[in-house]
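Let's take a walk through a protein model together. Have a look at the picture first, then follow along below.

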Amino acid sequence: MVDHLAVSNWMFTCVNGGEDSDPPEFPQAVPRPGSKEDEHGDEDGEGTVTGTVGGAPAPPAGPPAHAVSPGELARFFG
């Protein structure tokens, strides 16, 4: 959620900024526990995050740990 909020704030700033102003830097993803990224955002220290989709962290590979049934969704949103 934090990464998506940062990207949406970045987009809002880009859209509502002045035409002559430079666009803000694209936000970096928040480091995840257990990742091999260093404090600069990646393994080589260049400050770019790999494994992203449109600037947001890529979903984990493989099937989801638990598929949500329609009944569970109805209870959650109902």
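Before counting anything, a quick word on terms: helices are DSSP runs of H or I with at least four residues, strands are runs of E with at least two, and both are numbered from the N terminus. With that in hand, this predicted model has two helices and two strands in its protein chain.

Now, how much of the chain is tucked away? Of its 78 residues, 10% count as buried. The chain exposes about 6600 Å², and 61% of that comes from carbon and sulfur atoms. As for contacts between residues at least 6 apart in sequence, 28% join residues at least 24 apart.

Next, the aromatic rings. A pair of them is described by how far apart the centres are and by the angle of the planes. Here the count comes to one aromatic pair. The ring centres of W10 and F26 are 4.8 Å apart and the planes sit at 75 degrees; over 60 counts as edge-to-face, so that is what this pair is. The two partners come from distant parts of the chain, 16 residues apart: W10 is in helix α1 (residues 2–16), while F26 is in the loop between α1 and β1 (52–53). W10 is partly exposed, with a relative accessible area of 24%, and F26 is partly exposed too, at 31%.

Finally, look at the surface, where V68, L73, F76 and F77 form a nonpolar patch with about 480 Å² of accessible area together. One of these, L73, is found in helix α2 (residues 70–77).

Definitions and conventions:
Residues numbered from 1 in each chain as written. Predicted model: local features only at pLDDT ≥ 70, side-chain atom pairs only at ≥ 80, totals over all residues. Heavy atoms only, no water. Patch = residues over 30% accessible without salt bridge, like charges linked within 9 Å, V, L, I, M, F, W, Y side chains within 5 Å. Areas by Shrake-Rupley, 256 points an atom, 1.4 Å probe, with all protein chains shown as cover. Salt bridge = Lys/Arg side-chain N within 4 Å of Asp/Glu carboxyl O. Phe/Tyr/Trp six-rings, centres within 6.5 Å; stacked < 30°, edge-to-face > 60°. Buried < 20%, exposed > 50% of the residue type's maximum accessible area, 1.4 Å probe, protein only. Contact = heavy atoms within 4.5 Å.
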